[in-house]
Amino acid sequence: MACHDGAVTQNSRVSRRIASIAESATLAVDAKAKALQAAGEPVVGFGAGEPDFPTPAHIVAAAVAACAEVRNHRYSPTAGLPELRAAIAEKTARDSGYSVAPGQVLVTNGAKHAVYNAFQTLLDPGDEVLLPAPYWTTYPEAIALAGGQCTAVPATVASGFRVTIDQLETARNANTKVLLFVSPSNPTGVVYPPAEVEAIGRWALEHGLWIVTDEIYEHLTFGDHVFSSVPTLVPEMADRCVVVNGVAKTYAMTGWRVGWMIGPTDVIGAATNLQSHSTSNVGNVAQRAALAAVSGDLEAVAVMRDAFERRGRKLHAMLSEIPGVVCTEPQGAFYCFPSFEGVLGRELGGRAVGTTLELAEVLLEQAKVAIVPGEAFGAPGYARLSFALGDDDLGLGVGRIADFLS
Ligand SMILES: Cc1ncc(COP(=O)(O)O)c(C=O)c1O
């Protein structure tokens, strides 16, 4: 199943390439909710994929100090401050057991930029990428911008939102070059067990595929679920593996815009050339903040993780009580991804609601609750609710959804 329709509105002022790209649905929902809040509307936003905590104080202090240092007022190496690249290599060995050299790290403007760079660097026109669905809304667009084709491999609530090797093998063809893998997942909150991560890595190895593995939620796992990294479990994949990561979700640093990609030196060198002609170095003050984050301990991270786990259980329990809503318990990240199929096809708030797109619209207008419709993630009938918001808002928001749907 193709996951990017490439539809282009006829407009010679804008290139066909860019005209075919859709706005980020998650950012759009968040912007709409924030605009309504600013206008005085009591909107509860489940749209944002960002922690509600402030960035830990020692990280902010490092940035404040960095502002006063003249060396940070200048251009710095495109690939990142050498001390940050070294700290990221060390942190990667500490957190996922994957040993890499600092020269294998490229510091980017957030993990989103690392995803963009990775596909620009790996894909030629016609190359195909297997994309387990539901998928984060940016992947298909980044693949399309690189001239690649993406093939969605669908998983449902019934299959625990995990794809199987059989499904991947059925979707693979002679043009398949890359598998995009993400666990814990945005939008489903699923965490693949280590045995399945290893099996997927071995399958990719056997067929000469690359894996782009997005590890941005590595520290946010709940209960018995554990994060595992493909190149750690299948070391032979290191030569065809690009790891995407960043400080945004782990350290409540979404606004600082620091991420990175790790890969074989030829790929990192090529991606650095690309970045040298697009954004150059990431802002030095933000890099110094990221250095304090990744080289510090994980104490503040544990506190935030515990809060997310508690809120995730609460959101899951409350959603599961709503007739017609089916929700798997989140295993990681900070999202619930319930199916609303049981409530669609009805008249709600005086309007026929047949899709989750329409449901999200009517919920925002009438119940003052923002959710992201599953259509944004290749999964109509579902919706994503972030539980990275305060406990009171969370209870208030789900209560409104329940009242509206009854
Ligand atoms: C799976 C995944 N990867 C990457 C990103 C981007 O992170 P950043 O804010 O570092 O660009 C996000 C943000 O929502 C995400 O959910």
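## Salt bridges around Asp95

Asp95 pairs with Arg94 in a salt bridge, their closest N and O atoms lying 2.6 Å apart. A salt bridge here is a side-chain nitrogen of Lys or Arg within 4 Å of a carboxyl oxygen of Asp or Glu. The model is predicted, so local features need pLDDT of at least 70 and side-chain atom pairs count only at pLDDT 80 or more, while totals for chains, interfaces and linings use all residues. Residues are numbered from 1 along each chain as its sequence is written, and side-chain values use heavy atoms, with hydrogens and water left out.

Asp95 also meets Lys91 in a salt bridge, at 2.9 Å from N to O. Both Asp95 and Lys91 belong to helix H4 (residues 82-96), where four residues, about one turn of the helix, separate them. Helices are DSSP runs of H or I with at least four residues, numbered from the N terminus. Asp95 and Lys91 are both buried, whereas Arg94 is partly exposed, with a relative accessible area of 41%. Buried means under 20% relative accessible area, exposed over 50%, and partly exposed in between (1.4 Å probe, protein chains only).

## Other salt bridges

The count of salt bridges is 19. In one of them, the side chains of Arg311 and Asp391 meet at 3.6 Å, N to O. Arg311 lies in helix H12 (residues 299-320) and Asp391 in helix H14 (residues 391-405), so this pair ties together parts 80 residues apart in sequence. Arg311 is buried at 4% relative accessible area; Asp391, at 25%, is partly exposed.

## Nonpolar cores

A nonpolar core is a set of buried Ala, Val, Leu, Ile, Met, Phe, Trp, Tyr and Cys residues joined through side-chain atoms within 4.5 Å. The largest one has 72 residues, of which Phe46, Phe119, Leu359 and Leu405 touch the most other members. Helix H5 (residues 110-122) supplies the largest share of this core, six residues. Apart from it lies another core of 31 residues, including Ala155, Tyr192, Ile200 and Ala379.

Beyond its neighbours within four places in sequence, Leu359 is in contact (heavy atoms within 4.5 Å) with Phe340, Val343, Leu344, Leu348, Val353 and Leu405.

## Cysteines

The count of disulfides (pairs of cysteine sulfur atoms within 2.5 Å) is zero. The cysteine sulfur closest to that of Cys336 is in Cys327, 4.1 Å away, which is too far for a bond. Cys336 is buried, with a relative accessible area of 0%, whereas Cys67 is partly exposed at 44%.

Methods
Helix = DSSP H or I, 4+ residues; strand = E, 2+ residues; numbered from the N terminus.
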